[in-house]
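Please work through each task before reading its solution.

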Amino acid sequence: MKRKIFTLLVLGAMISGCSQEIDTTQTNDTSQGLKIAIVTSPSGVDDGNYNENNYDGILAYIEKNPTAIVTPIQETTGDVNACIQMVNDIVADYDVIVTPGFQFAGVSSIAVENPDKKFILVDTAPIAVDGQTEFDNLYSMEFAEQEAGFFVGVAAALESESKKVAVINGIAYPANVNAQFGFESGVNYANEVFDTDVEIIELASYSGVDVTGAQVGGNYIGDFADEATGKVIANELIDKGADILFVFAGGSGNGAFTAAKEADGIKVIGADVDQYDSGYKGDENIVLTSALKVMSDNVERLLQEITDGTFQGEHSIRKADTNSTGYAKVEGRHLMSENTLELLEEVYDDVQKGEIVPASNFNGFTPEAFEGLPSFN
């Protein structure tokens, strides 16, 4: 429905031996508008999740700038080298290339070779080129997952009936550890400030080890595409009494969703984007809320800056102070009580102001001791 104002033209192509699916969305006279490409991993721009959120930012920009066009290009293997090669193969044909995901960190080398093109790299930092980490024609962004995790940790503690909650992660990369530590920080904050008395359940056999080799606890599947193990871990956590699961595990999380749907009285918390539509269990829904990284608004903003001539390349960590992290709270898209919503608004304001700084993988805080926790101050 949200794309009904656009005309859809589907093309098939082969570039350097890598298969891709291209559909070109355009309106009216395109002679004066930006030519935009979004290159994605195999799930494409209609994945109902991560890639689509980025694509929606482009479509929102085009609604305000109707002479612009966008071409979604789907790299079907997911291989990092193939992803970068695909960008290199199409760069001459577009003004702006949007690349969501860590697979595209190497796009920085293409940016250096094509200074007249603009690049938007989402959710990862660029790979350094000859020691250079920021580029005039490339804007890269990461998100403070610990903030989004913190908000839903508070929500989980306020809403848990069993007084036991847990987080399920994919691999202990920094973004995943950030989300875990943020969630645990939120539960600890709610316990101390709102007297929730909630326990965080961890399975020792699935404890995570981060990129430095440090033990970080949590419940790590060890993969982003292992639904079977995701379901096993979720069932074990449910057996131990957890009634709310924060699932931050990519495709592996589908198994956790399945386990929650097969059990009684279990709710899940989605990640990155609003996952309410994935939570239907017959006529019911099991998604309490979702931890949000607001990618769409940032993509739209950057495209407008390119049009306005104010675009500047940099690497940015997007936080709540720019409304870039949050939680799903639109009416009909969550299961939280009015009391929880009111308390979360207060907490969100404190995070925006920097009065609460949840723990993350490398910020020096722990989920038990961080800025804003009364006992820490």
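Two exercises with worked solutions follow.

The model is predicted: local features require pLDDT of at least 70, side-chain atom pairs count only at pLDDT 80 or more, and totals for chains, interfaces and linings use all residues. Residues are numbered from 1 along each chain as its sequence is written, and side-chain values use heavy atoms, with hydrogens and water left out.

**Exercise 1.** Determine which parts of the chain are linked by the salt bridges of Arg333 with Asp274 and with Asp277.

Solution. 
1. A salt bridge is a side-chain nitrogen of Lys or Arg within 4 Å of a carboxyl oxygen of Asp or Glu.
2. Asp274 is in the loop between strand E13 (267-272) and strand E14 (280-281), and Arg333 is in the loop between strand E18 (325-327) and H9, 59 residues apart. Helices (H or I, at least four residues) and strands (E, at least two) are DSSP runs, numbered from the N terminus.
3. For Arg333 and Asp277, the closest N and O atoms are 2.9 Å apart. Asp277 lies in the loop between E13 and E14 and Arg333 in that between E18 and H9, so this pair ties together parts 56 residues apart in sequence.

**Exercise 2.** Classify the accessibility of Lys353 and Asp349, which form a salt bridge.

Solution. 
1. Buried means under 20% relative accessible area, exposed over 50%, and partly exposed in between (1.4 Å probe, protein chains only).
2. Lys353 has a relative accessible area of 55% and is therefore exposed.
3. Asp349, at 31%, is partly exposed.
4. The closest N and O atoms of the pair are 2.9 Å apart.
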